[in-house]
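Okay, thanks for having me, everyone. Let me put the structure up and then we'll walk through it together.

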Amino acid sequence: MAPELSSNWKILQARLKAGSASKPASSSATSTNPSAPINNKKRKSTSDDQDSKPNNKKLKTSSFSKKPPTKTTSTANSKGKMGAVSSQPVTSTAPLTNQPSIQFLRQNHGISRESLSEAYNLAISPTLLSSLPSQPNQGLSPTASLEKTKYLAIDCEMVGIGPGGVDSSLARVSITDFHGAQIYDSYVLQRGKVTDWRTPVSGIAPKHMRDARSFSEVQDEVAELLKGRIVVGHDVKHDLRCLELDHPMKMIRDTAKFSGFKKYGNGPKPALRVLAKELLGLEIQTGQHSSIEDARVAMLLFRKHKPAFDMEHVNRYPEDVKTKKKPNKAGKGKKPKSK
């Protein structure tokens, strides 16, 4: 053991005299020196210390943080890290609503579409009126479903007859349902000479009489549609007079006579154009009138203020409010008494 210690001390003294030696020189010296195992142990320990430092850093960076999770998470980070699990609960972004689906509305459950719309507050958007299809002079719409239809809106266009065209003659009839869909539209063939077509306002011209239906045909078809239903319109009495039809007053909802709209009229009744602008924000009748459009606007006004219309109707016709009596239920096991 003594010779090995002396040789090591000699090597140590040689290094101290030579000063700081370069790493390649020291490595070559140790490789040729028979005492390399002892130096390797020291170098190994230093290399282990150096290698342990970055490992410690890695462990620190990879360790879990004790900070509470943030409420908002970045979508970019979640996509970039594979297998990342969000600590936030999954919530639906769709707003909660009590409106039924279109499929539910289309199903037939013995409830009218009007009742469903009123129950779920499904109103016609004024901006959608222009997108509803219109088929002039189509007659009865082939897609019309009237089994459970309770409300119909009507509007007519007139032409002038007689001296000066003062008297009015029916020239077009339009009917829509509670949702604004076209139910009926027809031009009416004139029974006498027209002295004023009133085209700038009515939109009726002699060319429209080529395919027009006879007055009696239109009268019968309209009478059948209105039978037993509530008629909505603007100045409905005037339209019925031109159709030469009668309809129960308690079955009419007239936007021209509704007390809630009187403040919008300068005279005895407000104009439909004014009501549309003030209450719906719509511009109508800027040029030639459209009876389909006017019927839809009248129905939209009625639907928007339906509770007030109903209350006024109850006050005007209290006898229409019928109280339903509950039937007497027979007791179980009871038999009718014998005479």
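Before I point at anything, one cut-off: when I say buried, I mean under 20% relative accessible area, exposed means over 50%, and partly exposed is in between. And please keep in mind that this is a predicted model.

So, the overview. The protein has twelve helices and seven strands. It has 339 residues, and 33% of them count as buried. If you take contacts between residues at least 6 apart in sequence, 61% of those join residues at least 24 apart. As for the surface, the protein exposes about 23,800 Å², with carbon and sulfur atoms supplying 55% of that.

Now let's go to helix α8, residues 215–226, and find Gln219 there. Is Gln219 buried or exposed? Its relative accessibility is 17%, and the cut-off for buried is under 20%, so Gln219 counts as buried. What does its side chain reach? The backbone oxygen of Glu244, at 3.3 Å. Leaving aside residues up to four places away in sequence, Gln219 touches Leu243, Glu244 and Leu245.

Let's zoom out to the whole of α8. The buried residues of this helix are Phe215, Val218, Gln219, Val222, Leu225 and Leu226. Looking down the axis of α8, you find those buried residues within an arc of 130 degrees, so they line one face of the helix.

What do the buried residues of α8 pack against? Quite a list: the strands β1 (139–140), β2 (151–161), β3 (167–177), β4 (182–187) and β6 (230–233), plus helix α9 (236–243).

After the helix comes Gly228, with a positive phi near 75 degrees.

Let me step back to the loop between α7 (199–202) and α8, where Met209 lies. Met209 counts as buried because its relative accessibility is 12%. Its contacts, again not counting residues up to four places away in sequence, are Ala171, Tyr187, Val188, Leu189, Gln190, Trp197 and Ile204. Take Tyr187 from that list: Met209 and Tyr187 are 22 residues apart in sequence, and C-alpha to C-alpha they are 7.0 Å apart in space.

Next up, charges. Side chains of opposite charge can pair when their charged atoms come close. How many salt bridges are there? The count comes to seven, and I'll show you some of them.

One is between Asp185 and Arg172, where the closest N and O atoms are 3.1 Å apart. This pair links distant parts of the chain, with Asp185 in strand β4 and Arg172 in strand β3, 13 residues apart. Asp185 has 0% relative accessibility, so it counts as buried. Arg172 is buried too, at 8%.

Another is between Glu283 and Lys277, with the closest N and O atoms 3.8 Å apart. Glu283 is exposed, with a relative accessible area of 52%, while Lys277 counts as partly exposed at 48%.

And then there's Arg316 with Glu312, whose closest N and O atoms are 3.6 Å apart. These two sit four residues apart in helix α12, residues 306–316, so about one helical turn separates them. Glu312 is buried, with a relative accessible area of 18%.

Which residues of α12 are buried? Lys306, Phe309, Glu312 and His313. They cover an arc of only 125 degrees around the axis, which puts them on the same side of α12. On the face turned away from that buried side, you'll see the exposed residues Pro307, Met311 and Asn315.

That's my tour, so over to you for the discussion.

How values were computed. Residues numbered from 1 in each chain as written. Predicted model: local features only at pLDDT ≥ 70, side-chain atom pairs only at ≥ 80, totals over all residues. Heavy atoms only, no water. Buried < 20%, exposed > 50% of the residue type's maximum accessible area, 1.4 Å probe, protein only. Polar contact = N/O pair within 3.5 Å; in protein donor to acceptor, adjacent residues only side chain to side chain. Contact = heavy atoms within 4.5 Å. Arc of directions from axis to C-beta. Salt bridge = Lys/Arg side-chain N within 4 Å of Asp/Glu carboxyl O. Areas by Shrake-Rupley, 256 points an atom, 1.4 Å probe, with all protein chains shown as cover.
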